[in-house]
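Reader: I have a model open and want to learn how to read its features. Please walk me through them.

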Amino acid sequence: MNSSKPYIIRALHEWISDNNCTPLVLVSSKHQGVQIPTGIAKDGKVVLNISYGATKNLQLIEEGVMFDARFSGVSENIFVPMGSILAIYARENGQGMMFGENDDSPE
């Protein structure tokens, strides 16, 4: 079977957004394929705001999360593979889900 992680991330993103909260993802910046601006990660991790208001062209696809966003006034193309996403949660109350390191692997 395909990994359930992309489906769970899409569902939680929708649920968090529908409750007027801000969806955030915790990303391992050391994971292969992560495309983020240099210098925004700390201790090998970064928290990204993936709300519709903070992103442009947001796509939650099977391979990962991609969007355009501004960092220090500069527009950047962001891509985080599914395997790099460690958690998705609401900024306002912390509700969401953490993932294990192998949660993106098909069974």
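Reader: What should I know about the source and the numbering?

Author: This is a predicted model, in which local features need pLDDT of at least 70 and side-chain atom pairs count only at pLDDT 80 or more, while totals for chains, interfaces and linings use all residues. Residues are numbered from 1 along each chain as its sequence is written, and side-chain values use heavy atoms, with hydrogens and water left out.

Reader: How many helices and strands does the protein have?

Author: Helices (H or I, at least four residues) and strands (E, at least two) are DSSP runs, numbered from the N terminus. Here there is 1 helix and there are 7 strands. From the N terminus the order is α-β-β-β-β-β-β-β. The radius of gyration is 13 Å, close to the 13 Å that the globule rule gives for 107 residues, so the protein is as compact as a globular protein of that length. The radius is taken over C-alpha atoms, and the rule is 2.2 Å times the number of residues to the power 0.38. The C-alpha trace spans about 40 × 35 × 25 Å along its principal axes.

Reader: What share of the residues counts as buried?

Author: Buried means under 20% relative accessible area, exposed over 50%, partly exposed in between (1.4 Å probe, protein chains only). Of the 107 residues, 42% count as buried.

Reader: Which residues have the most contacts inside the largest nonpolar core?

Author: In soluble globular proteins, nonpolar side chains tend to be buried together. A nonpolar core is a set of buried Ala, Val, Leu, Ile, Met, Phe, Trp, Tyr and Cys residues joined through side-chain atoms within 4.5 Å. The largest one has 23 residues, and those with the most contacts inside it are L48, I50, V65, F67, V80, I85 and I88. Elements that give two or more residues to this core include helix 1 (5–18), strand 4 (64–71) and strand 5 (74–81).

Reader: What is F67 in contact with, beyond its neighbours within four places in sequence?

Author: Contact means heavy atoms within 4.5 Å. With those neighbours left aside, the partners of F67 include L48, I50, L58 and I78.

Reader: Now H13. Is it buried or exposed?

Author: H13 lies in helix 1. It counts as buried, at 1% relative accessibility. Not counting residues up to four places away in sequence, H13 touches P23, I50, Y52, L58, L60 and I88.

Reader: And P37, buried or exposed?

Author: P37 is buried, with a relative accessible area of 11%. It lies in the loop between strand 1 and strand 2. Leaving aside neighbours within four places in sequence, P37 is in contact with F71, E76 and I78. P37 and S75 are 38 residues apart in sequence and 9.9 Å apart in space, C-alpha to C-alpha.

Reader: How should I read phi?

Author: Most residues other than glycine have a negative phi. D43 is not a glycine, yet has a positive phi of about 55 degrees. D43 is found in the loop between strand 1 and strand 2, and is exposed, with a relative accessible area of 79%. N57 also has a positive phi, near 60 degrees. N57 is found in strand 3 and counts as partly exposed, at 48% relative accessibility.
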